[in-house]
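Here is a brief report on one protein model.

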Amino acid sequence: MSIALTPTFIRTSGFGWLDIVRLGLVQTAIGGIVVMTTSTLNRIMVVELALPAILPGLLVAFHYFIQVIRPRMGHASDSGAKKTPWIIGGICVLALGGFGAALSTALMASYLILGIACAALAFFLIGIGVSISGTSLLALLAKGVNDERRAAAATIVWLMMIFGFAFTSIMAGKFLDPYEPYKVVVISGIISTIAVLVTIAALYRLETPELQNSPVHAERKTPFRQALAEVWADGDARRFSIFIFISMFAFSSQDLILEPFAGIVFGYTLGQTTSLSGVQHSGVLMGMLLVAICGSSRLRAYCGSLRLWMIYGCVASGIAMLGLAIGSMVGPEWPLRFNVFLLGLANGAFSIAAIASMMRLAVAGGAGKEGVRIGLWGGAQAIAFGVGGLLGAAASDIARALMESQSVAYASVFSIESGLFIASAYLASKVEK
């Protein structure tokens, strides 16, 4: 199918709002499994098993680094007629990895080395499962959603994933107290089973023949290396990949240091820092909703394009991070909660605009390589999250060790992150499509 025909294809066979919600249910299932491994099992390893925090940190980073295979998985789904089997297959692998991670954590209490080895295998499967299911899901969404609905569709799907995080955490928390290893295994098994069943039900007859790839004879299929090289040769695709990596690196590197910063510099208690995290997430939610409303209605003509939301969102994020650097020097008099809310608002705006732009760019170069493009950008994001989380915390520790003042140390790290956001805004301005 030619490039010129792609917009018409998307308009005539686009997903309706109910279809978008059904795809969002798949993201909810993914979120439900992932949150057990990155949050609940993390806490059990550190608190109940008294293991070093670096262990779950490395396991989580490992599952991000595995996602460098996303472009390869996207190419595989592009080569088939339908993406639905890839999504379901990926969810099954993810569910197996999630259940294996719970078993491994329980095993660590009695056989530490064996438990760690099994956990490494489980997190390997988690990375593979997320790569297959997440990449194919976004590629299908990109093909089936028209331009006017992309910002709203991205917001709906990501909010449903966040709902999966929250709902699973709340429900699992009710049954995990008091802690017993077998409870973790049973609850993880139930969550994994429900996630697979929900995915199958949500995708039932969703991918219509109009959305399926045309059958391609084996010798005519583009080899993966050639397909990836063709996507990378596209200037916009290449610049957008670099933008995704730098912006998400800056986004993720703040996560592990914001609450310790509030406790050390501002004297916040554990409850207050937890509340501060809630303030940030509220800002992220509002930023996402703002872009969805402005980008998917008549307001779009007045509020600017997705590209402008990416640029201004990154600039605002850089300013908010600079505010935190200044607050480090000012101390408790600084309006920290308001500053953190603005940071969340800006982060939510630029991130959802980036996801919607990702969907648009995935089909802008013609049909047949949506999965490779989505995989390339998803891989860049995953690596950024893995590296950003580790280096953000490491940079904070190094700065605090080298500098006598804790305030100056945090101000230095926040200033660097601010510069990364400004650089991201510049890169976003160079994406022309």
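Helices here are DSSP runs of H or I with at least four residues, and strands are runs of E with at least two, both numbered from the N terminus. On that basis the protein has 17 helices and zero strands. The model is predicted.

**Overall packing**

The protein has 433 residues, and buried residues make up 52% of them.

**Two helix pairs**

Helix H3 spans residues 54-66, and helix H6 spans residues 112-144. Helix H14 covers residues 306-330, and helix H15 covers residues 336-364. The table sets out the geometry of both pairs.

| Pair | Axes come within | Crossing angle | Handedness |
|---|---|---|---|
| H3 and H6 | 7 Å | roughly 35° | right-handed |
| H14 and H15 | 8 Å | roughly 155° | left-handed |

How do the axes of H14 and H15 cross, and at what angle? They cross at roughly 155°. That makes H14 roughly antiparallel to H15, because angles over 145 degrees count as such. The residues of this contact divide into 18 nonpolar, six polar and no charged.

Now the pair H3 and H6. The axes cross at roughly 35°, and the crossing is right-handed. Which residues meet there? From H3 come Leu55, Leu59, Val60, Phe62, His63 and Ile66. From H6 come Ile116, Ala119, Ala120, Phe123, Phe124, Ile126, Gly127, Ile128 and Ser131. The residues of this contact divide into 12 nonpolar, three polar and no charged.

**Ala362**

Ala362 lies in helix H15. Is Ala362 buried or exposed? Its relative accessibility is 0%, so Ala362 counts as buried, the cut-off being under 20%. Leaving out residues up to four places away in sequence, Ala362 touches Ala142, Glu370, Arg373, Ile374 and Trp377.

**Cysteines**

How many disulfides does a search of the whole structure find? The search finds zero. Cys314 has 0% relative accessibility, so Cys314 counts as buried. Cys118 has 31% relative accessibility, so Cys118 counts as partly exposed. The partly exposed class lies between the buried limit of under 20% and the exposed limit of over 50%.

How values were computed:
Residues numbered from 1 in each chain as written. Predicted model: local features only at pLDDT ≥ 70, side-chain atom pairs only at ≥ 80, totals over all residues. Heavy atoms only, no water. Axes fitted to C-alpha atoms, helices over the stretch in contact; angles between N-to-C directions. Parallel < 35°, antiparallel > 145°, perpendicular 65-115°, else oblique. Left-handed = near helix turned anticlockwise from the far one by under 90°. Nonpolar A, V, L, I, M, F, W, Y, C, P; charged D, E, K, R; others polar. Disulfide = S-S within 2.5 Å. Buried < 20%, exposed > 50% of the residue type's maximum accessible area, 1.4 Å probe, protein only. Contact = heavy atoms within 4.5 Å.
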